[in-house]
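Look at the model as a whole before turning to single residues. The paragraphs below take the overall form to begin with and then a handful of positions along the chain.

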Amino acid sequence: MEKAQIGVVGMEVMGKNLALNIEDKGYKVAVFNRTGSKTERFIENEASGKNFIPSYKIEDFVNSLETPRKVWLMVKAGFGTDAMIGQISPYLSEGDIMIDGGNSHFKDTERREEELKKGGILYAGSGVSGGEEGARYGPCLMPGGASAAYDQLETIFKKVAAVADDGTVCVFYIGERGAGHFVKTTHNGIEYAIMESISEVYNVLKNALKMSPEEMRGVMAEWEDEKLGGYLMEITVDGLGIIDPDTGNPLIDLILDKAGQKGTGKWTSQSAADLGEPVPTIDAALSARFMSAKKEERVKASKLVHGPSETYDEDKDIIIKSLRDALYGSMIVSYAQGLALLRAASIEYDYKLDLKEIANIWKGGCIIRSKLLFPIVEAFERNPDLINLIFDPEFSKVIGDWGMQTNWRLAVKTALDLGIPVPALQASLTYVDSYRSAFLPANMIQLQRDIFGAHGFKRLDKEGDFHIPK
Ligand code: 6PG
């Protein structure tokens, strides 16, 4: 029997869609799932009449692949991935390739690569973004790990990946070891930050301006047409228009306000803390999800501690414009923090990340694709060593623009005055204010540290290490 050119392990929706996508591009694809009935169902339904080889035993699956074998794992991150690698790797030979397309922690990826290297297996920890639709019709791929693996996968990856509006094929070899998964995790951190920023604007429109989902939809659709456009704005606008068939009410009004999470946002904040890189908007987005989960406590507290009235009675248009600018600013800052984190990681872990190329492939297929990524790429074209987006002359102009800044501050101030939490919009603004502060009050912290712990401090007027005079 003719062998398959690549195999996909994991027949949940992402694995199935990716397998269909690869097959569409002219490949014969082997498929395997731990629970065979899922493979069976796939072959009988979506894959019916297509070029697949199903297997129900790992040995058969491995034998159904051309050598060097290419095995693409799309299984649950964490234990599921380790278990599958443990089961498949004994059947693989030197030179075979394993791709992990799940949302793995970059340190797990590095550990797995080291292990597999002992048997000569090339491991490519690769970020895959774009959800179900992306997997099926074109994800953004962030492959990392063994570059020798990438060389052999490039053709398939390029056929499978999304194509951005400007023709960019959304795949690029990110770097060695865990680089691909580090970048994917950071992508998700930015995703959390933008989602939270949009949600906060929604909250103000809903509770201060008492706008209906349909009214908000109109406002946000206009923004989306402008420079705020992107996938997350698009699904927000579409989502606001969804009507619940059972009640006839907007679905958004019926969804419980407790956000779920699978861990990548938390990893971004944790990695940033490990690297000493400030990512306050991502942190705020993460904490906002934690806070949302405390629904029962929040309901109790809402009856106990009262704040100001949430309604805004003045000029609504001004606040709507202000919210637009606050959201725009917060989006810029979300990317700025994520990219600064990548820069820090690249230095610390020697990943040699090319931030321009990373921003470039994010232009299509992934969840954070947006119009903003186009000027971001231009910023890195102007200066490949850009330390922070804020230093780019175009972005510093946007953020420094008085009208824009005044609006951003007004949006945050108004929300604060009304007692509506806007932690991400506020964190983004504070990030800018902190970053542009030549002076920060850390001298006071140093003084305090020296008083209670004799930790010492540096002085502005003299070289050396000092303590408070005794
Ligand atoms: C993507 C998404 C994808 C997934 C998130 C959801 O890039 O396609 O980021 O990876 O939807 O992991 O994350 P949470 O469940 O943590 O929100």
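Helices (H or I, at least four residues) and strands (E, at least two) are DSSP runs, numbered from the N terminus. The structure is a predicted model, in which local features need pLDDT of at least 70 and side-chain atom pairs count only at pLDDT 80 or more, while totals for chains, interfaces and linings use all residues. Residues are numbered from 1 along each chain as its sequence is written, and side-chain values use heavy atoms, with hydrogens and water left out.

In the protein chain there are 20 helices and seven strands. Along the principal axes, the C-alpha trace of the protein chain spans about 75 × 70 × 45 Å. The radius of gyration is taken over C-alpha atoms, and the globule rule is 2.2 Å times the number of residues to the power 0.38. For 470 residues, a compact globule would have a radius of gyration near 23 Å, and the 25 Å of the protein chain agrees with this.

The next topic is burial. A residue is buried when its relative accessible area is under 20%, exposed when it is over 50%, and partly exposed in between (1.4 Å probe, protein chains only). Of the 470 residues of the protein chain, 51% are buried. Contact means heavy atoms within 4.5 Å. Among contacts in the protein chain with a separation of 6 or more, 69% join residues 24 or more positions apart.

Which strand holds D100? D100 belongs to strand β5, made of residues 97-100. D100 counts as buried because its relative accessible area is 0%. The side chain of D100 makes a polar contact with the side chain of S104 at 2.5 Å. A polar contact is a pair of N or O atoms within 3.5 Å; within protein, one must be able to donate a hydrogen and the other to accept it, and residues adjacent in sequence count only if both atoms are side-chain atoms. Leaving aside neighbours within four places in sequence, the contacts of D100 include L73, R112, Y123 and H181.

T39 sits in helix α2, residues 36-44, and is buried because its relative accessible area is 0%. Beyond its neighbours within four places in sequence, T39 is in contact with M11, V31, F32, N33, P54, S55 and Y56. A424 lies in helix α19, residues 423-435, and is buried because its relative accessibility is 0%. With neighbours within four places again left aside, A424 is in contact with E196, S197, E200, T281, A284 and S330. The C-alpha atoms of A424 and K25 are separated by 41 Å, and the two residues are 399 residues apart along the chain.

The last topic is the backbone. The peptide bond from T67 to P68 is cis, with omega near -10 degrees, and P68 lies in the loop between α3 (58-63) and β4 (70-73). K352 is a residue other than glycine with a positive phi, near 55 degrees. K352 is in the loop between α14 (316-349) and α15 (355-361). Is K352 buried or exposed? K352 is exposed, because its relative accessibility is 60%. A454 is not a glycine either, and has a positive phi of about 50 degrees. A454 is located in the segment after α20 (442-453).
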